[in-house]
Amino acid sequence: MVGPLGRTYGVGFRPPRHRGRTHGHRPPQDRHRAPTRHRAARLVRDLRELGFRTGPPVLDHLDPEGFSYAFLDYRGYGERRDVAGRYSLPEIADDVLELADQLGWDTFSLLGHSMGGKAVQQVLVRAPERIEKLIGLAPVPASPYAMDDQTHALFHGAAEDPEKRRTILDLVTGNRASRHWLDRMVAHSLAVSRPEAFAAYLASWQPADLSAAVKGNTVPVLVLVGEYDLALTAEVMRATWQAWYPNCRIVTIPGSGHYPPHETPVAFATEVEAFLRA
């Protein structure tokens, strides 16, 4: 999914579990079996025809023999930059479920990055019977995201101001990234997002409170936190995600900030797929 700065990430779906098996794969004759590389390539093409992206460069490190992945661009972002919408969490949930229906996936797992962490919880609230596992990547909790006046001005101003986006990027990667990397991240963020979509999504996710609706849900949850993320820290995750989900595990990814798929892609992919296989 898409983080608060317009980075395009995915909704990761896993094929439905074979009933009666403990592992997530269906038998070879089943239409939801793990894809061959040819079938994975066809899925990529089909998703593009549906108007959905195939994900960031970390896709090269994901296992196409073991899982099927679909990556969704929000309306107003990426290849759906010109798709009009309300730019809200409920709309994201609608689009996710529509995509799953088009793919023929009755049940699936979800991965959401940053704001996407709240979006996948919105899907869980909407259709809990369809969700096998949740993965939150530096995820926003289900509760309202508190901002003091300075932080509020920074985030809400970032929709139109590249320097504010850069300030946020530098903060959430631990004030340690090179100037060139930050420049490229800001440029890409501006290129793939519409300012009005950025602003509207922020207005939707920041005050939304899903905590009562998710509290006590027993879905297996993995929360991945970057070692150098100064905003969405492991301490924040323990006080929120782990407090609400009894089957939640938190893993800190060394050497990364808020963007593990870009900063430490191999470690990110390894943790995700170990959790999906468990």
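How many of the six residues of strand E1 (residues 108-113) are buried? Six of six, so to speak: the strand is mostly covered. The views below come from a predicted model.

**View 1. Whole chain: helices, strands and surface.** The protein chain carries 12 helices and four strands. Of its 278 residues, 56% count as buried. Among contacts with a separation of 6 or more, 75% link residues 24 or more positions apart.

View 2. Phe108, Leu110 and Gly112 point one way from E1. Ser109, Leu111 and His113 point the other way. Residues on both sides are buried. In a regular strand, side chains alternate between the two faces of the sheet.

**View 3. E1 beside E2.** Strand E2 (residues 131-137) runs parallel to E1, and five bridges join the two. Histidine 113 stands opposite leucine 137 of E2. Between the strands, the chain passes through helix H3 (residues 115-126). This β-α-β crossover is right-handed.

**View 4. The largest nonpolar core.** This core holds 59 residues. Leu134 and Tyr245 have the most contacts inside it. Helix H2 (residues 89-103) provides the largest share, eight residues. A second, separate core has 17 residues, including Phe71, Ile135, Val251 and Ala269. In soluble globular proteins, nonpolar side chains tend to be buried together.

**View 5. Surroundings of leucine 134.** Residues up to four places away in sequence are not counted here.

**View 6. Glutamine 206 in its loop.** Glutamine 206 lies between helix H7 (195-205) and helix H8 (211-214). Why does glutamine 206 count as buried? Its relative accessibility is 15%, and buried means under 20%. The side chain of glutamine 206 reaches the backbone oxygen of tyrosine 145 at 2.5 Å. Leaving aside neighbours within four places in sequence, glutamine 206 is in contact with Lys118, Pro144, Tyr145 and Met147.

Note on methods. Residues are numbered from 1 along each chain as its sequence is written. This is a predicted model: local features need pLDDT of at least 70, side-chain atom pairs count only at pLDDT 80 or more; totals for chains, interfaces and linings use all residues. Side-chain values use heavy atoms; hydrogens and water are left out. Buried means under 20% relative accessible area, exposed over 50%, partly exposed in between (1.4 Å probe, protein chains only). Contact means heavy atoms within 4.5 Å. A polar contact is a pair of N or O atoms within 3.5 Å; within protein, one must be able to donate a hydrogen and the other to accept it, and residues adjacent in sequence count only if both atoms are side-chain atoms. A nonpolar core is a set of buried Ala, Val, Leu, Ile, Met, Phe, Trp, Tyr and Cys residues joined through side-chain atoms within 4.5 Å. Two strands pair if DSSP finds at least two bridges between them. A crossover is right-handed if, with the strands pointing away from the viewer, the path from the first strand over the helix to the second runs clockwise.
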